Amino acid sequence: MKLSRKAKRYDDSVLPGEFQGFEAFHQADLELDGTLDGFLRRGDGCVQLGEMVLERNAPKKLSFAKLKTKAEKLSEQVNYLKERLEIVDHDRRGMYIQLRSLPPYKDETQIQFNEISIGKNKIVVKRIAFYRKEEVKQQVPLQLSELELKRLLFDIRQAIA
């Protein structure tokens, strides 16, 4: 997925999370002719998602207008996460749109937000924390119920189909 210069600078500054005890998963998605990758941890009736990447193998012809429509629809559908998603960055030439939680979760020590990056053939879901004292951005687990995880997977499959 080609990122805008602004998004690339931002993504380069996000440190990988500490996901010890998380199980990596990789599965073929025959319906989309693609793959689903990521890592998660299950326990106490909830799921902690480190990251989820859904990618199509076969390139699909898609205009930026259609991609933007899919991103807008996804931001409306994914209303079960703690924060609402909105488009915050896009790149027409690179066919890339970034959704983020607005407003993000805030407390005295950190700001946290969900992020969904949508490209022509790839969608990446993750949660990021900005620690105010250290001025560091780092991936953190996204807390979901099993039902929310299934809905999220269904919704991102529709967005890339």
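This is a predicted model: local features need pLDDT of at least 70, side-chain atom pairs count only at pLDDT 80 or more; totals for chains, interfaces and linings use all residues.
1. A salt bridge is a side-chain nitrogen of Lys or Arg within 4 Å of a carboxyl oxygen of Asp or Glu.

2. Are the two partners buried or exposed? Glu83 has a relative accessibility of 8% and therefore counts as buried. Arg127 is buried as well, because its relative accessible area is 7%; the limit for buried is under 20%.

3. A second bridge connects the side chains of Arg42 and Glu146, at 2.6 Å from N to O.

4. How accessible are Arg84 and Glu86? Arg84 counts as partly exposed because its relative accessibility is 47%. Glu86, with a relative accessible area of 29%, is likewise partly exposed. Partly exposed covers the range between the buried limit of 20% and the exposed limit of 50%.

5. Two aromatic pairs are found in a search of the whole structure. In one of them, Phe19 and Phe22 are edge-to-face, with 5.0 Å from centre to centre and 70 degrees between the planes. Phe19 is at 14% relative accessibility and so counts as buried. Phe22, with a relative accessible area of 12%, is buried too.

6. The rings of Phe19 and Phe39 also pair: their centres are 4.9 Å apart and their planes stand at 55 degrees, so this pair is tilted. Phe19 lies in the loop between strand S1 (14–15) and strand S2 (23–29), and Phe39 lies in strand S3, so the pair ties together parts 20 residues apart in sequence. Phe39 counts as partly exposed because its relative accessibility is 22%. Phe19, Phe22 and Phe39 together make one aromatic cluster.

7. How many cavities of 30 Å³ or more does the structure hold? There is one, and the volume of the largest cavity is about 40 Å³. Its lining is made up of Lys60, Leu62, Leu67, Lys70, Gly119, Lys120, Ala159, Ile160 and Ala161. Helices H2 and H3 each contribute at least two of the lining residues.

8. Sorted by class, the lining of the largest cavity contains five nonpolar, one polar and three charged residues. Among the lining residues are Leu62, Leu67 and Ile160, and also Lys60, Lys70 and Lys120. Gly119 is another of the lining residues, and Gly counts as polar.

Key: Residues are numbered from 1 along each chain as its sequence is written. Side-chain values use heavy atoms; hydrogens and water are left out. Buried means under 20% relative accessible area, exposed over 50%, partly exposed in between (1.4 Å probe, protein chains only). Rings of Phe, Tyr and Trp (its six-membered ring) pair if their centres lie within 6.5 Å; planes under 30 degrees apart count as stacked, over 60 as edge-to-face and the rest as tilted. Helices (H or I, at least four residues) and strands (E, at least two) are DSSP runs, numbered from the N terminus. On a 1 Å grid over the protein atoms alone, a cavity is a set of points where a 1.4 Å probe fits but cannot get out, and a pocket is an open set with protein on both sides within 12 Å along at least five of seven lines; lining residues have an atom within 4 Å of a point. Grid points are joined across faces, edges and corners, and a volume is the space filled by probe spheres set on the points.
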